[in-house]
Structure formats: C-alpha cells, structure tokens
Amino acid sequence: MEITKKYKISEIVSLLKKGGVVVLPTETSYGFSCDSTNKEAVKKIYNIKGRPKKKAVLLICADLKMVKKHFKMSPKEIKLASKYWPGSLSLILDDVGVRVPAHKLCRQISKKLNRPIVSTSANLTDKPPCYSVKCIVEQLKNKKHQPDLIINGGRLKKVNSSTIIKVKKGKVKVLREGPICISETS
C-alpha cells in the first residue's frame, strides 16, 4: 500500500482501470474507491472493509449529466440533484446510492474514467469513519486485504455522512440524516 500527497489524476485512473482500490479524501470522510464496473475491484473493497455482500456501496459521478446517462431519474430527483449537487446528498436510483460530491478530486477521477466510481467510507465495518490517513493505517494494520494507494489529503474536518433520500411516487423519504436537511414533503 502506497501513501502519497502528490498524484496525477491520470495515474489514479490508470490504477482504477487495472482493478486497483484507492483511498480518496471526500467532503465527508476518507473513502475506498474503485471502478464501479470492475466486479473484482468492488469485491476487493468488500474484502478490505469486511462488509457484508448484501450491503450496497455508494457510487460517485462527475456530474448530473453522467448520472442521467447511467440512471433513470424522475423530475423530482432531477430537481433535488440540481439544487444540492455537488454536495452531500445521495439519491437512491435503481436501488443504488448515487452522489455528485462537493470534493473536486472525486469528480475529476469519475470524469476522467468516464463512468461512476465506488465510494464507501474507508474504515472497517463497525468501526468509525476515518478523517486521517493515520486512522486508516491503524484500522488496516495486519489485515490481509489492503488498498493499493492512499491519497493523503491531510486531516479532514469531521462532518456527518451524506444525507440519503429515495423518491418514490413523487414523495421524498429520508433514509439517513446528514449535512443536508430535506423534509419528506420536499
């Protein structure tokens, strides 16, 4: 596992295309990322986290245009996305959590890869999210499965995980409260 502060987007994307797993800073916490279309890379993230296979992971897209290309969206979902993206709002689309984050690096990687990337908090299942590389290294110490690369974005400010909502028949259901407050009547 390599840790670096210096990186090139093209090098990260090349690693993702080869099935690599990268730890990226986001606006909420550090996250494990990989090419969402690479089943082996996604499986590797589940192994690193010790995450149950039935529990889905979030996808990050470069922009709303990319989300529309890969997912069917209702007018209500488009309206909410237009208002809160980029930002800490995750929408459940086709049974998958999707987000366009405020953190520029994640969007740039998704754009250069030309498809969504997986993003799930860089911590072991049942452990707290990590806001520093030190936390990640401590949690993964002596573990069999490791990420290929950690991008050190320094100590991140502690904020809640993203707000998760699902729109069904035009009604908003808040599945997880986060930094963005959306009422079920929105």
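Reader: What's the relative accessible area of Cys135?
Author: Cys135 has 21%, so it counts as partly exposed (between buried, under 20%, and exposed, over 50%, with a 1.4 Å probe on protein chains only). This is a predicted model, where local features need pLDDT of at least 70 and side-chain atom pairs 80 or more, while totals for chains, interfaces and linings use all residues. Numbering starts from 1 along each chain as its sequence is written, and side-chain values use heavy atoms, without hydrogens or water.

Reader: OK, which cysteine is Cys135 joined to?
Author: Cys130, through a disulfide with an S to S distance of 2.4 Å (the cut-off is within 2.5 Å). The structure holds one disulfide.

Reader: And is Cys130 buried or exposed?
Author: Buried, at 0% relative accessible area.

Reader: Why is that disulfide left-handed?
Author: Because the torsion about the S-S bond of Cys130 and Cys135 is about -60°.

Reader: Then which cysteine sulfur is closest to that of Cys106?
Author: The one in Cys61, but at 12 Å that's too far for a bond. Cys106 also counts as buried, at 0% relative accessibility.
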